[in-house]
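Morning, everyone. One structure today, and a quick walk through it. Here it is.

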Amino acid sequence: MSDFKLFNEIRSESHYTDTEISNHKALGIAEGERGVHILWMYPDVLNMHGSRGDAMALLRFSNIMKLPCTIRRINKLTDEIPFDWADMIFFPSGDLSAVEDLVKALIPVKQKLKDFINSGKVVFTVGSTGAIFGKGVSYLDGRKVRGLGILDMVFRQRQRVSGNDLWINLPDGEELVGVQIQMADVKLGKDQEAFGKVVYGRGNNEDGTEGARSKNLIFTHMLGPVLVKNPKFTAKLLKLAAGAGGIKTDDFSLEEKDISLEMASIEDIKTFIGRKISGEIKW
């Protein structure tokens, strides 16, 4: 079965029941064999900027890596979250207006979420959805909404949307490219680790930082979708999650030939951004 058909099985199921799909059959392994377990949170609420493509990327690259993978949708804010089952939780990009309802839904399980992160498991959140993990959001109408406070950062809604290419370097030397469509500026606390350093783009607040990270809780404003455009990073996330689930990951890797299209795209984007940095292209 192709990756696209597998993903469509996730997408076509009822919006009102949790849907679980694995790639075990596609890989020719027994359904009971332990693989990486991923929760796809509230996809019908957090549905902006192509984040469904990120869920598809997790499935696609796990297939290429021959890594058993099961993705389970959590559809409603009232649904129980199976923390003990999961190795990774993916929060797609959503609108800033959804933050208050999301925080209300997650406050009762805040300690379980913190325990999940502290155990070394992965939480990956994209775009304005990241505000749920910060200290709070200040809106243009004067409202202030508290976040979960797991990351030391605050969001301030912008008068105008900021959109541009985004190129960042991670502490391990890896480069990520994508785009940024930002509704709020982000200010990190003094001791809060950033996710990356900006090579080109706005980043958090034009201060040279992008996103935030605490252990394997990662927030980034990079879209694209980010996991589609950056397969090596996606593979690292998958291996982190698999390792947290007790799976030996040495045998799971991406071959350059399998991601040649994505890597060529990254180089084209970096060349284009480089022309903007040099002033050859006015932006």
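Start with the contacts, meaning heavy atoms within 4.5 Å. Among contacts in the protein chain between residues at least 6 apart in sequence, 71% join residues at least 24 apart.

Some ground rules. This is a predicted model, where local features need pLDDT of at least 70 and side-chain atom pairs count only at pLDDT 80 or more, while totals for chains, interfaces and linings use all residues. Residues are numbered from 1 along each chain as its sequence is written, and side-chain values use heavy atoms, with hydrogens and water left out.

Now the whole chain. The protein chain has eight helices and 13 strands. Those are DSSP runs, numbered from the N terminus: helices are H or I, at least four residues, and strands are E, at least two. The C-alpha trace spans about 50 × 45 × 35 Å along its principal axes. Radius of gyration is taken over C-alpha atoms, and the globule rule is 2.2 Å times the number of residues to the power 0.38. For 283 residues, a compact globule would come out near 19 Å; the protein chain has 18 Å, which agrees.

How much of the chain is buried? Of the 283 residues, 53% count as buried. Buried means under 20% relative accessible area, exposed over 50%, partly exposed in between, with a 1.4 Å probe and protein chains only.

Next, Ser128. Ser128 sits in the loop between strand S5 (122–126) and strand S6 (136–138). Buried or exposed? Ser128 counts as buried, because its relative accessibility is 6%. Leaving aside neighbours within four places in sequence, what does Ser128 touch? Its contacts are Ser93, Gly94, Asp95, Leu96, Val99, Phe155, Met183 and His221. Pro225 is 97 residues from Ser128 in sequence, and 14 Å away in space, C-alpha to C-alpha.

On to helix H7, residues 231–244. The expected span of a helix is 1.5 Å times one less than its number of residues. For the 14 residues of H7 that should be 20 Å, and the end C-alpha atoms are 20 Å apart, so the two agree. Which H7 residues are buried? They are Pro231, Phe233, Thr234, Ala235, Leu237, Leu238, Ala241 and Ala242. After H7 comes Gly246, with a positive phi near 85°.

Last stop, Val161. Val161 belongs to strand S8 (residues 153–169). Val161 is partly exposed, because its relative accessible area is 48%.

That's the tour. Over to you.
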